[in-house]
Amino acid sequence: MTRMTLSNTPKTATIDDARMVGRTLASAFGDDPMMRWFFPDDASREAGLDRYFTTLFTRQYGLHGVCERTGSAAAFWVSPEGADKAVPDAETVQQLVEILGDRAPVFREAVMAAAEHGPTEPHWYLAVIGADPAARGLGHGSALLRSGLAKADAAGLPVYLESSKPDNLPVYEHFGFRVRDEFSLPGGGPVLWSMKRDPRGA
C-alpha cells in the first residue's frame with residue numbers, strides 16, 4: 001500500500017491553483033491518445049494542453065465541479081447536482097475553439113460521440129484525473145481517486161468515466177470500475193472506453 005504523505009494528501013483545488021493544475025495535467029496527458037488526437041503537433045502539444053486544462057478548470061469544473069489536487073496530481077469530478085452547471089457556456093466554448101484551432105471540429109465530434117454513450121441515471125462523473133509522470137507510482141492519483149469515490153459512495157451513487165488509454169483500464173478496474181462500452185471516436189480517432197463503478201457501502 002502506498003504511504004500517504006503531505007504531498008499526496010488530497011486538498012480542494014481553488015482557482016489560485018490554476019497554474020499548477022494546468023501544468024500538471026498538461027504533463028499527465030502528454031501521451032494520452034485522445035489528447036494527442038486533439039493536439040497532434042508534438043512541438044506545441046504541452047502548451048496547448050496547459051491552456052486547455054487551465055480553461056476547463058477556471059471556467060467550468062473549478063466553478064461547478066468538485067476539484068482536488070495533491071502536490072503532483074489533479075482531478076475534476078462532477079456530482080449530479082452540478083451536472084447541468086458544469087456544461088461549458090458559450091464563452092468557454094469559444095476559448096476552447098481558439099485553443100484547439102483547426103482541431104476544434106474533431107473535438108466537437110468527440111464530445112457528441114461520448115455523450116451518446118453516456119449514462120442517464122444519477123451519477124458522479126470523473127471528468128479528468130492525471131498525475132505528473134515524474135511522480136507516478138507515489139500514490140498521487142490513487143489518493144485522488146479514493147477521495148472522490150468516497151464522496152460518491154457516501155451518496156450511494158455510481159461513478160462513470162471515459163478513458164482512451166488502454167494501460168489505465170486495469171488501474172480503474174482495481175478501484176472497482178468495469179468497462180460498459182467501447183467505441184471509436186469519429187474521423188479515425190482513438191478508441192474510448194466508458195467505465196462504471198457501482199457504489200460501495202459505507
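In which handedness of crossing does α1 pass α3? α1 passes α3 in a right-handed crossing, a term for the near helix being turned clockwise from the far one by less than a right angle. The model is predicted, with local features requiring pLDDT of at least 70, side-chain atom pairs counted only at pLDDT 80 or more, and totals for chains, interfaces and linings using all residues. Residues are numbered from 1 along each chain as its sequence is written, and side-chain values use heavy atoms, with hydrogens and water left out.

**Helix packing**

- Helix α1 (residues 18–28) and helix α3 (residues 45–64) pack at an angle of about 130°, their axes lying 8 Å apart; axes are lines fitted to C-alpha atoms, for helices over the stretch in contact, and angles run from 0 to 180 degrees between N-to-C directions.
- The two helices, α1 and α3, are therefore oblique to each other, given that angles under 35 degrees count as roughly parallel, over 145 as roughly antiparallel, 65 to 115 as roughly perpendicular and the rest as oblique.
- The contact (heavy atoms within 4.5 Å) includes Val 21, Leu 25 and Arg 23 of α1 together with Leu 49, Phe 53 and Phe 57 of α3.
- By class, the contact of α1 with α3 has 7 nonpolar, 4 polar and 3 charged residues, where Ala, Val, Leu, Ile, Met, Phe, Trp, Tyr, Cys and Pro count as nonpolar, Asp, Glu, Lys and Arg as charged, and the others, Gly among them, as polar.

**The sheet**

- An open sheet of mixed pairing is formed by 7 strands in the order β1-β2-β3-β4-β5-β7-β6; helices (H or I, at least four residues) and strands (E, at least two) are DSSP runs, numbered from the N terminus, and two strands pair if DSSP finds at least two bridges between them.
- β1 and β6 (178–184) stand at the edges with a single partner strand each, so one side of each is left without a neighbour in the sheet.
- Strand β5 (residues 159–163) pairs with strand β7 (residues 191–197) in the antiparallel sense over 5 bridges, and Ser 163 stands opposite Trp 193 in β7.

- In strand β3 (residues 73–78), 6 of the 6 residues are buried (under 20% relative accessible area, with a 1.4 Å probe and protein chains only), so the strand is largely enclosed by the rest of the structure.
- Ala 73, Ala 75 and Trp 77 point one way from β3, and Ala 74, Phe 76 and Val 78 the other way.
- Strand β2 (residues 66–69) is joined to β3 by 4 bridges in an antiparallel arrangement, with Val 66 opposite Trp 77.
- β3 is also joined to strand β4 (residues 124–131) by 6 bridges, again running antiparallel, and Ala 131 is the bridge partner of Ala 73.

Definitions and conventions. Buried means under 20% relative accessible area, exposed over 50%, partly exposed in between (1.4 Å probe, protein chains only).
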